[in-house]
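User: Please go through the helix packing and the pockets of this model. Keep it brief.

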Amino acid sequence: MSPPGKSFERLPKDVIPSLYHVTLQPDLTAFTFKGWEKVTLEVKQTTRRITVNAFDLSVTKAYLVVDGKLKAPSEIILNEEDELLELSFPEDISPDQFELNLEFSGHLNDQLRGFYRNKYLSENGEVLYAAGTHFEATGARRAYPCWDEPAIKARFIFTLIVPKDKVVLSNMPAEREEISQESSDLKVVTFQPTPIMSTYLTAFVVGDYDFVEAQTSNGIPVRVFTPPGYKEHGLFALEVATKSLSYYEQYFDIPYGLPKLDLITLSEFPIGAMENWGLVIFRETALLLDPANPSAFRKQIVAIIVTHELSHNWFGNLVTMEWWTDLWLKEGFATWISYQCTDALYPEFNIWKQFTKTNQTRALELDALTNSHPIEVPVQHPGEIDEIFDEISYSKGACLIRMLKSYLGDEAFQKGMKLYLKRHQFSNTTNKDMWAAMSEASGSNIEAMMNTWSKQMGFPLIKVSELIDITSNKRQVCLTQQKFVAQSLTSETKGSNPVTEEWLVPFSITSGSSPSVPVVSGLLQGGSVTLELPNCKPEDWIHVRSRK
């Protein structure tokens, strides 16, 4: 963390990477690793300093290749407080393309962050160790020096030097494999170049695994890796993965961008799952299902988590938030569409009932508290990022996406979503980009509406009262909004900080004479509105609907 009084600053943009060649050699006995790195970078303006992210690494060598000559920095500073590696050079580096070379080492830590060791039991009960990664949000800098911000994308070529009897995986398929010249017990596996992507989505795993495999309808190979002897436990996840990948390709109208998809479990993993592009990592309980006891509840859990993670191939991986402030957009969207996809693939689950219980109700409970927060939270120092990986970002975010889809209708919503993805693929966005695409597709000012929901915490309580126009005998309703707060407000709170927030609330009203087509619909703007209900008989029931 930055020391008190010192403001956090993101990495300077005067030097930008385009291609990383990263070689890593983990030692699963000593729990260390060695690394070598070549980074093709562009110097955009004259500088004497190159600053990248690094944490818990020891950099033993660094030099820049300039006009075929090696230029060593005059000073190498590892700033552990701000997780930076600062290379200072004695002469100016003019704008051009160069190659930065680094040698470094690190620890396979036991903190479930970065490049870490993973303890598990063999089939005969022996304690063994694998190595895996978890990089979201700022863990890649623990494995190799890098520009570890989501907006600084590049391509990656990973090489892993590992025991020859181990399975080794990364984002892309292996391009070549050979026995190490240093030892016949080691193999050197080099993977194909990745597409342009963010550092937090890179990944690699080394260990002992079985797998099951299949193909999508478009011929994409999909594999599910399990502990040895448990590959049958991955069969349901494999089914969900192949079906959902095909579903998303059709729904988004954009092909899956990689030549393979692997799903793998780690016995020790800090979260349920992580959407690393091409190598999605799960807790065992989030992916594996005992084929002898496949309870409906466990199948629903696996389906929701797998479809959530695979939707990130488009929302998050292909199009990435510019900074963590907009985390909710990818996570809220993935949470919502995981239910839509699961419902399409397995309608017998009645999964939307689970959404109401696990997402909508929980979001309302938390967002009614006075210590809630908006889903769009300004994030400064990376140490603040973990605080917004919560049910407001995920569950409330999903509810807002569901509300927006209901308001726009399927056609306009899907048109806006496709426009957003195609316009910004392989780049980075903010909320404004999503709302701009939805506004363009629908002809409505979506940004104005959605900002009232994303930039302020809480939600409104809508009160409905019925009126009768005596002169015309026509039915009317009055809709009034007021922020709902679960706790009782004290007199001090009422006097000094009155609750005045308002939302643009989409609503529709149906009646007994028109149960399937709204007699009135629109946006509640301001504190209240009075509406006349056309063709509504005195004896008709009326249903006012507002979805959050």
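Helix packing and pockets

Analyst: Helices here are DSSP runs (H or I, at least four residues), numbered from the N terminus. This is a predicted model: local features need pLDDT of at least 70, side-chain atom pairs count only at pLDDT 80 or more, and totals for chains, interfaces and linings use all residues. Residues are numbered from 1 along each chain, and side-chain values use heavy atoms, without hydrogens and water.

User: At roughly what angle do the axes of α1 and α3 cross?

Analyst: Axes are lines fitted to C-alpha atoms over the stretch in contact, with angles from 0 to 180 degrees between N-to-C directions. The axes of α1 (235–252) and α3 (296–311) come within 9 Å. They cross at roughly 40°.

User: Which element gives the largest share of the lining of the largest pocket?

Analyst: A pocket is an open set of points on a 1 Å grid where a 1.4 Å probe fits, with protein on both sides within 12 Å along at least five of seven lines; lining residues have an atom within 4 Å of a point. The largest pocket holds about 840 Å³, the space filled by probe spheres set on the points. Its 29 lining residues include G272 and H308, among the closest to its centre. Seven lining residues, the largest share, come from α3.

User: What is the volume of the second largest pocket?

Analyst: This pocket is lined by 23 residues, with W36 and K38 among those nearest its centre. Its volume is about 380 Å³.

Terms used:
Helix = DSSP H or I, 4+ residues; strand = E, 2+ residues; numbered from the N terminus.
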